[in-house]
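Trainee: Could we walk through this structure together? I would like to see how its side chains meet.

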Amino acid sequence: MAALSARSYTTRLLYSLYPPSVGASPHTSRAALAGNFHLRYFSAGSAAAARLREEKEVWWKESLQKLRNIGISAHIDSGKTTLTERVLYYTGRIHEIHEVRGKDGVGAKMDSMDLEREKGITIQSAATYCTWKDYQVNIIDTPGHVDFTIEVERALRVLDGAVLVLCSVGGVQSQSITVDRQMRRYEVPRVAFINKLDRMGADPWKVLNQARAKLRHHSAAVQMPIGLEDDFKGLIDLVNMKANYFHGSSGEKIVTEDIPANLNELALEKRHELVELVSEVDDQLAEAFLSDEPISAAELEGAIRRATIARKFVPVFMGSAFKNKGVQPLLDGVLSYLPCPIEVTNQALDQSKNEEKVTLTGSPAGPLVALAFKLEEGRFGQLTYLRIYEGVIKKGDFIVNVNTGKKIKVPRLVRMHSNEMEDIQQAHAGQIVAVFGVDCASGDTFTDGSVRYTMTSMSVPEPVMSLAISAVSKDSGGNFSKALNRFQREDPTFRVGLDAESGQTIISGMGELHLDIYVERMRREYKVEATVGKPRVNFRETITQRAEFDYLHKKQSGGQGQYGRVIGYMEPLPPGSGTKFEFENSLVGQAIPPNFVPAIEKGFKEAVNSGSLIGHPVENIRIVLTDGAAHTVDSSELAFKMASIYAFRQCYTTAKPVIMEPVMLVELKFPSEFQGTVTGDINKRKGLIVGNDQEGDDCVLTAHVPLNNMFGYSTSLRSMTQGKGEFTMEYLEHSQVSQDVQAQLVNTHKATKSGE
């Protein structure tokens, strides 16, 4: 009876908790009821989990929407350091303002201001962060000058948006054009800021027209000045149609008033121009504009944001950082118009699928993907800056370096404030953090081990130029090697090697400027004075026809002798083959015991390191071993290795070897009036002009020029174009030199050999 009552109690409980659906029999079985209970209980559980997941997603989306990663770039001396100083002051990161060339001698917070330093905004750390209106803004060090190295690319790919600073007097200058070209190449949305409105001769409208003509910007002003030069009092916000004045000793008090009556008409005209230009690139605003509806500030702001993020429009702000006017509205503009990390699409390359492109979600829920974009030698060892693209990183986690395959523990995680640090326990997608004690190189990608993604391609261009370098004093040897090791880690295109013949240290890189900067950095950062030898071009040798070899290496001295015979042929590899050296074993039978074949291959590999023409490596060659002979006692690995080295040297000359030289793809940009002189000079350097375009008043030439003829070109281009020309140069291919050049190179090599 007790059992029965327990059973009926369970049934009643199930009925009360989860009554059967309408139409079900009142005598529904207990099993069916239990099933009903299970179904609802677990669906409620999964609904709760989904709700929890949704809440979590809302949390991270909100936190990412309040995050901006920006860079401030400009031509030298446009005031970007002064602007950054004001940004840090107004956001509470620093408590007093120091000028770049101030009388107090303190200097700006972000400054180590050698005007010609390689970096655009000289920040002691690579990223500083500040908070403005509950938004976190990371300001990232964007290199100012392109040294055609990988590092510039990495700094730019970490940015989600940028501020392009223009001088209201100087206008669009040569470096502004270069910086803008870079931003366009890496698809960075940007806002422009016309600075120095307090200077004599300031004309923001002239600069705006220059930006449209020279930079091809589809842009319009979102502000207009109240007075200029000494009369510069404030700014009119053309979106909200209000006048802003900046009071207080450092311009920290913003007073908003109605627009002065004398400027009302001009402000309406400029607002109409802004709406018209934005509606050309935004469909939603175009509808309202064409139907002559009044456009609210919120509608206009939304349209500007959409068009800026889509890189179809550049909003132009104005002000004077030095006179503390217009910086806060610019910060508001960064929040309003530049994208947050989830509005920018980032692509990774899947190494397990032959570098196939994968679009990252940018969510902390995904697998960890982070890029080490900058290294710095700190007091506590190497500091590595990471931009997290997906997932979460925690202190004490194990992360995997995809480039090297090493598993590393995160010992310490910090967030940077200019040069101070704050320890944190974890960081999620979209953030920029730094880690200590992680041994890696610039551009390495870290994951949690579940995926094999890299953020930049792992194929690093081969260096094209080498220099012999040595420290002047013997005492600085330790710092000399420390500097070279650090530079190699920072920049994969910078290589260090040892010349086996002369015993000199050889540094290799992507060009003259690239290597000069590292020699200069060694002097500044490590106090090592170095002497540099004559630049050396990395030539290659190759063969043009098949040649047979049959060589017997026989040496008999007291005790065991040496005996090894190799027979076969060498031939050039077909063009487009991925490898530079191939060894094929076509032996039939046991003429040579199989355990000696690796030694033969090793001998040939050693022999191709130095061709007999000018002593440079031999490439695109296949060596086939067809026959040989061995001695039961005297044959050894060393004997066969020596036999293969001598066999290669013996038949190399009969294979008609030629010299290959690196050819560079050179892109020149200069005013059209110098076209004749520059073209004539390229022809004189044995260059082949492959493209000729006109860009406004400038002429853009593309040419293939041998690197050997490009030394000192930057100086001659400047003198030919009155300093207005600029050029970029990147490695294209190795191609065969002409007969006269080959004869000249061989004679020079022989002369240096006999001189030694």
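Predicted model: local features only at pLDDT ≥ 70, side-chain atom pairs only at ≥ 80, totals over all residues.

Trainee: Which residue lies over the face of Trp-205?

Mentor: A charge sits over a ring if NZ of Lys or CZ of Arg is within 6 Å of the ring centre and within 35 degrees of the ring normal. Over the face of Trp-205, at 3.9 Å from the ring centre, you will find Lys-270.

Trainee: And how far is Arg-546 from the ring centre of Tyr-569?

Mentor: Here too a residue lies over a ring face, with Arg-546 over Tyr-569. The distance from the ring centre is 3.5 Å.

Trainee: How many aromatic pairs does a search of the whole structure find?

Mentor: Rings of Phe, Tyr and Trp (its six-membered ring) pair if their centres lie within 6.5 Å; planes under 30 degrees apart count as stacked, over 60 as edge-to-face and the rest as tilted. With the whole structure searched, the number of aromatic pairs is twelve.

Trainee: Is the pair of Phe-487 and Phe-494 stacked or edge-to-face?

Mentor: Their centres are 6.3 Å apart. The angle between the planes is 80°, and planes over 60 degrees apart count as edge-to-face. The pair of Phe-487 and Phe-494 is therefore edge-to-face.

Trainee: Is Phe-494 buried or exposed?

Mentor: Buried means under 20% relative accessible area, exposed over 50%, and partly exposed in between (1.4 Å probe, protein chains only). Phe-494 has 2% relative accessibility, so it counts as buried.

Trainee: What kind of pair do Phe-494 and Tyr-518 form?

Mentor: Their ring centres are 4.5 Å apart. Their planes are at 40°, so the pair is tilted.

Trainee: Which residues do ring pairs link into a cluster?

Mentor: Two of the members, Phe-494 and Tyr-518, are both buried. Ring pairs link the cluster of Phe-487, Phe-494, Tyr-518 and Tyr-526.

Trainee: How do the axes of H9 and H10 lie, roughly parallel or roughly perpendicular?

Mentor: The axes of helix H9 (residues 297–309) and helix H10 (residues 327–337) come within 9 Å and cross at roughly 75°. Angles under 35 degrees count as roughly parallel, over 145 as roughly antiparallel, 65 to 115 as roughly perpendicular and the rest as oblique. That makes H9 and H10 roughly perpendicular.

Definitions and conventions:
Residues numbered from 1 in each chain as written. Heavy atoms only, no water. Axes fitted to C-alpha atoms, helices over the stretch in contact; angles between N-to-C directions. Helix = DSSP H or I, 4+ residues; strand = E, 2+ residues; numbered from the N terminus.
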